[in-house]
Amino acid sequence: MSTTSSSLPGGTWALGDMTVTRFGYGAMQLAGPGVMGPPADRDAALAVLREAIDLGITHIDTAYAYGPRITNELIREALHPYPGSLHVVTKVGATRDEQGGWPPAREPDQLRRAIDENLESLGLDTLDLVYLRLGDAAGRRPGSLSRAFETLAELRQQGLIRHLGVSNATAEQVWEAHAIAPIVSVQNMYNLAYRDDDELIDRLAAENIAYVPFFPLGGFSPLQSEALSAVAARLNATPISVALAWLLRRSPNILLIPGTSSVRHLRENVAGAGLSLSDEDVAELEKISGQA
Ligand SMILES: NC(=O)c1ccc[n+]([C@@H]2O[C@H](COP(=O)([O-])OP(=O)(O)OC[C@H]3O[C@@H](n4cnc5c(N)ncnc54)[C@H](OP(=O)(O)O)[C@@H]3O)[C@@H](O)[C@H]2O)c1
């Protein structure tokens, strides 16, 4: 269910009973290098968050594991008390080790602690949306999520969580979770060049479940392709604008959370995502992942 009641590109989406702008913001890049420790420039990081709100963004994606804790603290410092329209969403299921790795933390006691840590660091009584992050740093891993997801479903029953989602999940895990407790969103890796979830996105759209691509711009290795550069040059736009505009056009249930640590990039991305792509542009872009 997408509408155009926001001035941001893509309008809005109903995430359960919450309305969010389809153009959101992913806060992971605000922590230090390797998503560890504080940012080099704390004021600049706070300015990015405040700019997101000033631009009208109402969906911010975070995780206690970013920093760890640092990104949540920045969000709280910049934006608390939060505007009523803002939905800060978080993820549990992974922790950090001293080497900067992301070991799984999906035992029931670890998940309960992670919910408490998120509530406390963000200064909230209820978390609007919590994703169970599955797999590992190398990607998705098959296997039942029932024990972990049932724990989150219980915490939702207790009122600590408003809505549930899954991240880094296989299609089987998505539907297993949805059968345990309704999910409102799936957050997986997806972009112009990496399209493993094409079928899943369409099935989720039919169920009114959001799909939130992480690494929409390629993450730590920026998207690069001749077709992308050619379309961007023809439209007198940047490849990033084309990549974002393509995602918004790909399906109405796609919500954007591009990451940036720069106010300038944030503004550019909001403006660029409104780019209008023709059928010819899209056909050319499909070549990037071999879909044409
Ligand atoms: N669920 C998961 O497992 C998972 C995994 C990874 C990420 N995530 C979430 O997804 C969000 C998005 O992913 P991401 O931030 O890793 O990757 P991304 O959005 O694909 O790309 C971010 C990178 O693009 C650069 N960038 C952004 N706008 C730009 C512009 N206009 N010009 C030039 N460079 C630009 C950023 O650098 P600058 O800082 O210099 O702008 C940053 O290096 C994260 O913030 C996080 O919330 C979730």
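Is valine 35 buried or exposed, going by its C-beta neighbours inside 10 Å? In this predicted model, valine 35 counts as buried because it has 20 C-beta neighbours inside 10 Å, and 20 is enough for that class. The residue sits in the loop between β4 (25-26) and α1 (42-54), where it adopts a positive phi of about 60° although it is not a glycine.

Asparagine 168, in the loop between β8 (161-167) and α5 (171-180), likewise has a positive phi, near 60°, in a residue other than glycine, and asparagine 168 is buried, with 23 other C-beta atoms within 10 Å.

| Cis peptide bond | Omega |
|---|---|
| glycine 67 and proline 68 | about -20° |
| histidine 80 and proline 81 | about 0° |

Proline 68 belongs to the loop between β5 (59-61) and α2, while proline 81 belongs to the loop between α2 and β6 (87-92).

Helix α2 (residues 70-79) also packs against another helix: its axis and that of helix α3 (residues 108-122) come within 8 Å and cross at roughly 35°. On the α2 side the contact involves Asn72, Glu73, Ile75 and Arg76, which meet Asn118, Ser121 and Leu122 in α3; by class, this contact has two nonpolar, three polar and two charged residues.

Around the ligand there are 26 residues, of which Gly26, Met28, Leu217, Gly259 and Thr260 come nearest. The shell has nine nonpolar, 13 polar and four charged residues, and helix α9 (residues 263-273) gives the most to the shell, with three residues.

Notes: Residues are numbered from 1 along each chain as its sequence is written. This is a predicted model: local features need pLDDT of at least 70, side-chain atom pairs count only at pLDDT 80 or more; totals for chains, interfaces and linings use all residues. Axes are lines fitted to C-alpha atoms, for helices over the stretch in contact, and angles run from 0 to 180 degrees between N-to-C directions. Helices (H or I, at least four residues) and strands (E, at least two) are DSSP runs, numbered from the N terminus. Two residues are in contact if their C-beta atoms, placed from the backbone, lie within 7 Å. Ala, Val, Leu, Ile, Met, Phe, Trp, Tyr, Cys and Pro count as nonpolar, Asp, Glu, Lys and Arg as charged, and the others, Gly among them, as polar. A residue is near a molecule or strand if its C-beta atom, placed from the backbone, lies within 6 Å of it. A residue is buried if 20 or more other C-beta atoms lie within 10 Å of its own, exposed if 12 or fewer, and partly exposed in between; C-beta atoms are placed from the backbone.
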